[in-house]
Every structure is written in structure tokens, then in C-alpha cells.
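Subject: Structure handover

Hi there,

Here is the structure I promised to pass on to you. My notes on it follow below; please have a look when you get a moment.

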Amino acid sequence: MYDVIVIGAGVIGGCVARELARYKAKVLVLDKENDVGNVTSMANSAIVHSGYDPKPGTNKAKYNVLGNKMYDLLTKELDVEFKRIGSLTCATNEEELEIIKSFVSRANDNGVEVKILNQEETRKIEPFVSDSVVGSLYAPSAGIINPFELCVGLFENALDNGVELLLNEEVVSIERLTNRFVVRTKDKEFETRVVVNAAGLYSDKIAKMVGIDYFNITPRKGEYFVLDHFEKPFVSHVIFPVPSEKGKGILVTPTTHNNYLLGPSSEFVEDKSDLSTDKPTLDNVRVNASKLVKNIPFNYIIRQFSGLRATGSTHDFIIDERDGFITLGGIESPGLASAPAIGKEAVRLVNSVLHLETNPYFNPFRRKVIRLKKMSIEERNDLIKQDPSFGHIVCRCEGVSEGEVVDCIRRNAGARTIKGVKKRCRPGFGKCQGGFCEPLIMEILARELNLDPLNVRYDSVKSYILQSETKEGDK
Ligand SMILES: Cc1cc2nc3c(=O)[nH]c(=O)nc-3n(C[C@H](O)[C@H](O)[C@H](O)COP(=O)(O)OP(=O)(O)OC[C@H]3O[C@@H](n4cnc5c(N)ncnc54)[C@H](O)[C@@H]3O)c2cc1C
């Protein structure tokens with residue numbers, strides 16, 4: 001019997017699982033995907049919002065502001081890249097200037113530091129804003145994070161501290177018995193005293209399994225362009241337009257790896273798995289990004305992608321506990337920024353039922369990640385002397401070595417697929433998008449996991465890459 005089963009291994013499930021590891025409890029996380037952080041938590045703007053704009057008094061405002069403050073310690077403990085670069089919400093006319101001025105009192109109510117900058121002050125700190133920008137709202141506490149690394153770090157640390165994780169296990173039914181639940185997947189069943197529903201887009205479906213039907217989730221798609229990194233200086237803050245009822249709008253931001261993101265769009269869709277992108281929407285992304293930032297080097301676009309926001313019918317984060325069933329639903333933006341605080345609150349709710357004892361052996365630190373690209377030549381040389389695999393570069397675009405790939409496979413919650421390696425240490429994220437490195441990563445995965453190369457997957461269990469040997473006679 002488990003004490004807690006968490007359904008969903010996104011950033012919310014990860015924050016809950018790691019927080020639960022601080023207690024003496026038998027905890028299991030179930031996810032239908034073949035890796036952690038494989039749905040909305042990996043396809044977003046990667047911004048730790050300051051929290052100035054959610055309506056005061058809402059869960060979004062409360063958890064965004066609390067979560068933002070937790071990021072310095074969390075990312076230090078988990079060795080995840082995070083930079084507080086600040087955001088500028090830019091007004092392009094006098095009417096918008098009045099709107100951003102009205103946000104100051106909202107920010108004050110939420111307890112977030114902001115400052116109105118005039119045109120000259122805005123340009124001074126961000127020379128790349130377009131000439132039509134007449135002023136901005138500066139929020140210094142906004143940051144950027146690597147969301148893939150965050151999810152991996154949360155689960156690795158939770159597993160290091162005793163939490164269990166089962167992937168490729170889609171929860172299909174939950175039966176409520178006296179003081180416990182039976183959680184069923186296609187061919188397994190598990191008993192638990194408490195269930196935490198962190199199933200993102202499907203949190204409404206999971207809630208309905210125990211008769212909770214007061215909310216629905218509608219997917220709202222956001223499409224993006226990714227720009228390659230380049231040597232010349234470019235934007236150094238998160239640049240937002242003035243928000244509207246459709247959301248925070250199309251932004252321009254650097255990423256923690258010196259790429260740039262343009263997007264997201266905002267359109268409701270019917271299908272919770274529709275991650276397609278289309279030209280008219282992306283053309284609109286270009287037009288709107290150009291209203292904020294001048295001379296965007298569109299020739300550096302290397303990829304487009306989309307993510308689906310889990311927009312809830314209550315229009316706020318749903319965080320509640322009913323007889324041992326905890327719902328974390330409708331966690332759309334700013335869900336990433338809020339995740340550490342939502343994780344803490346979920347565990348407070350678990351404790352209102354289970355009254356768990358603290359775990360004296362909890363270690364908050366994840367083993368440091370080796371990032372060759374960030375090391376000095378001397379540091380690299382020392383490392384290569386100890387382990388020559390760090391001298392074998394497998395991804396030229398992102399400068400990733402074989403040693404880093406092997407390390408990300410051998411950790412708890414380690415990579416099992418090409419995409420899993422890409423998310424953890426970046427081969428395939430560069431200009432060639434995996435054209436050069438993918439066969440090498442496949443070889444390393446096959447060797448490390450003791451698999452026939454024919455059984456190495458790109459991502460899901462069905463995503464085989466190779467079909468058959470072409471030169472069987474040459475063996
Ligand atoms: C376009 C876009 C931009 C965004 N930008 C930002 C931003 O800049 N800053 C910010 O703070 N937030 C942002 N967000 C929101 C943020 O990404 C989400 O709030 C956050 O990722 C939600 O995490 P989650 O764990 O709830 O969901 P997910 O990451 O979707 O995780 C849910 C998990 O549940 C699993 N699951 C579902 N059903 C089942 C089942 N039946 N059985 C087992 N497992 C199941 C799924 O496989 C999945 O892994 C953005 C979102 C989008 C789409």
C-alpha cells in the first residue's frame with residue numbers, strides 16, 4: 001500500500017514528489033508518457049514570471065509570487081540553469097502606456113516590485129526594443145529557466161530520496177474505498193491512502209474518475225519559433241506586449257542556452273494532443289514579435305513548436321482536497337513559475353490527511369551536472385584526463401560530449417530515448433537538429449541500456465527509428 005500516488009510527472013507532479021520526499025512516506029508517481037516532463041512542462045515560454053499581472057486574491061497571483069521567490073534555492077539545490085533577467089512589458093502607444101501604469105497598483109497588491117520606465121530608460125536597458133515602444137513596466141524578479149532540466153532535476157532528486165516512478169502507465173480508473181483508493185492502469189493496480197491529481201490537460205478526466213466533475217480543461221495552443229544562438233548582442237530581458245484577455249501575448253525572450261523564443265500564439269483547440277503548427281499563426285507570431293523588437297534575425301530560426309495550456313473552466317488554478325483526493329487542475333500559465341509553491345501546498349494538504357513524519361535523511365542536493373560548454377579550457381583538460389569520453393564531442397552544434405550523454409543516462413530518472421538525451425544535455429537542439437548527432441546518441445543509448453539498436457526509440461514506446469539491418473551479410 002502506498003501513502004501517496006501522484007498522477008502526472010510534469011513540473012507540478014515533480015514539485016509534489018520532491019516535496020513528499022521530505023517525509024517518511026511510500027510515494028509512487030505514475031505517468032502515461034515514456035519520460036518525465038514530456039508534455040506541457042517541456043513546451044512553454046520557460047519564464048518564471050514575476051507575478052505582477054494575475055488578479056490579486058487569485059490562486060494564480062498567490063502561487064506565482066510565492067513560487068518565484070522559491071526558485072533561487074530550488075535551482076541551486078537541483079543544479080538547474082536559472083537567470084533572473086527581468087521582464088519589460090512594453091507599451092507601443094499612449095493608450096497602452098496608461099494601461100501599464102495601471103498595473104503598478106496591481107503589482108503592489110501582489111507584493112511584486114515593478115517600475116515604469118520611459119522610452120529613453122527602456123532603450124537604455126534594452127536597446128533592441130522597437131522604435132514604437134514608448135515606455136515599459138520593468139519587473140526585475142522575472143527569470144528564465146531550463147524547464148526540461150527542472151523536471152529532470154526534480155524527479156532525479158525525488159528518486160534519490162526514495163520516491164518511486166513508473167512511466168508508460170496510463171491511469172484508466174480510480175476506485176474509492178474506505179480510507180484508500182485503488183488506482184488502475186492498463187494491466188496493473190495499486191492501493192494508496194491519498195491520490196494527487198497532477199495530470200495537466202487530463203486533470204479533469206482523472207477527477208471525474210472519483211466523481212469530481214465541477215471543472216473542465218480546454219487546451220489552448222501556443223506556437224513558437226526558436227532562434228539559434230549567435231555571437232552578436234540581442235535582447236537580454238523578457239519582452240512582453242501589453243497583456244490582453246487572451247493572455248500575456250507574443251513575447252521575445254532569450255533562453256538559458258542563449259537561443260531566443262518568439263511566441264506563443266493563443267488559440268483554443270479541441271484535441272488535447274494537437275501539437276501541430278501552421279503558417280498563418282506563425283506569420284502572426286513574426287508580425288507581433290516585430291512590433292516589440294527591431295531587426296529580429298529571422299534567418300536564425302531553427303525550429304517551430306507548440307504547447308497546450310490546460311485552461312480550466314474556473315479560470316484559476318484548482319487546488320483542493322476532498323477525502324484524500326487532491327486536485328491540482330487548470331494549471332496553465334503561470335504554472336511553471338508557481339510549481340514550487342503548488343508542490344508545497346499539495347504536501348500541506350497531504351499532511352492534513354496523513355500527518356507524515358519528516359524524513360531525517362532527505363538530501364535536497366542533486367549531484368552536479370557536468371556542462372562541458374560552460375567550463376574553461378583548463379577545467380575541460382583536467383576532466384578529459386580523468387575520463388577521455390568527455391573529449392569525444394558527439395554534438396557539434398551544442399558542444400556536447402559523450403561523457404555528458406552517458407552521465408544523463410546513468411542517473412535516476414535517466415534518459416531512455418533520443419529525445420530524453422536531447423532534453424537533458426542538448427544534442428539535437430542546435431542548427432542541424434540532430435542530423436549529425438542522432439546516430440551517435442543511438443549507439444550510446446544502445447550500449448548503455450544494453451539494447452539492440454533496432455530497439456532504441458526516439459520518444460514514445462512506439463517511436464522506433466530503425467526498421468531492419470541493411471547489411472546483415474557484413475556482420
Ligand atoms: C504555450 C505555453 C506557454 C507557457 N509559458 C509559461 C511560462 O512562461 N511560465 C509559466 O509559469 N508557465 C507557462 N506555461 C504553463 C506551464 O507550462 C504549465 O502550467 C505547467 O507546465 C503545467 O505542468 P503540469 O505538470 O500540470 O502539466 P504537464 O507537464 O502536462 O504534466 C502532466 C502529466 O500528466 C500525465 N498524465 C495525463 N493523464 C495521465 C493519465 N491518465 N495517467 C498517467 N499520467 C497522465 C501527462 O503525461 C503529463 O506528463 C505555459 C504553457 C504553455 C502551453
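How many Å separate the centres of domain 1 and domain 2, taken over C-alpha atoms? The separation of the two centres is 32 Å. Before going further, please bear in mind that this is a predicted model, in which local features need pLDDT of at least 70, side-chain atom pairs count only at pLDDT 80 or more, and totals for chains, interfaces and linings use all residues. Residues are numbered from 1 along each chain as its sequence is written, and side-chain values use heavy atoms, with hydrogens and water left out.

**The two domains**

Domain 1 covers 82-143 + 218-306 and domain 2 covers 372-465; these bounds come from an automatic or database domain assignment. Seven residues from domain 1 and ten residues from domain 2 take part in the contact, where contact means heavy atoms within 4.5 Å. About 650 Å² is buried between domain 1 and domain 2, with carbon and sulfur atoms giving 37% of that area. Buried area here is the accessible area (1.4 Å probe) that two parts lose on being put together, summed over both. On the domain 1 side, H229, H257 and I302 supply 57% of the area buried against domain 2, more than any other three residues.

**The second largest pocket**

This pocket holds about 990 Å³ of space. Of its 41 lining residues, M42, A43, F305, S306 and K419 are the closest to its centre. For the method: on a 1 Å grid over the protein atoms alone, a pocket is an open set of points where a 1.4 Å probe fits, with protein on both sides within 12 Å along at least five of seven lines, and lining residues have an atom within 4 Å of a point. Grid points are joined across faces, edges and corners, and the volume is the space filled by probe spheres set on the points.

Helix 5 (147-160), strand 18 (301-312) and helix 11 (418-425) are the elements that give two or more residues to the lining. Strand 18 gives the most, with seven residues. Helices (H or I, at least four residues) and strands (E, at least two) are DSSP runs, numbered from the N terminus. The lining divides into 17 nonpolar, 13 polar and eleven charged residues, with Ala, Val, Leu, Ile, Met, Phe, Trp, Tyr, Cys and Pro counted as nonpolar, Asp, Glu, Lys and Arg as charged, and the others, Gly among them, as polar.

Why does the pocket lie between domain 1 and domain 2? Both domains give residues to its lining.

**Some individual places**

Helix 1 (residues 11-20) is mostly covered, as ten of its ten residues are buried; buried means under 20% relative accessible area, exposed over 50%, and partly exposed in between (1.4 Å probe, protein chains only).

F225 sits in strand 13 (residues 217-227) and counts as buried because its relative accessibility is 4%. Leaving aside neighbours within four places in sequence, F225 has contacts that include Y260, L282 and I301. F225 and Y300 are 75 residues apart in sequence, yet 9.8 Å apart in space, C-alpha to C-alpha.

T281, in helix 7 (residues 279-292), is also buried, at 16% relative accessibility. Apart from neighbours within four places in sequence, T281 is in contact with E223 and S265.

R322 belongs to strand 19 (residues 318-322) and is partly exposed, with a relative accessible area of 37%. Not counting residues up to four places away in sequence, R322 touches R176, I212 and Y214.

Best wishes
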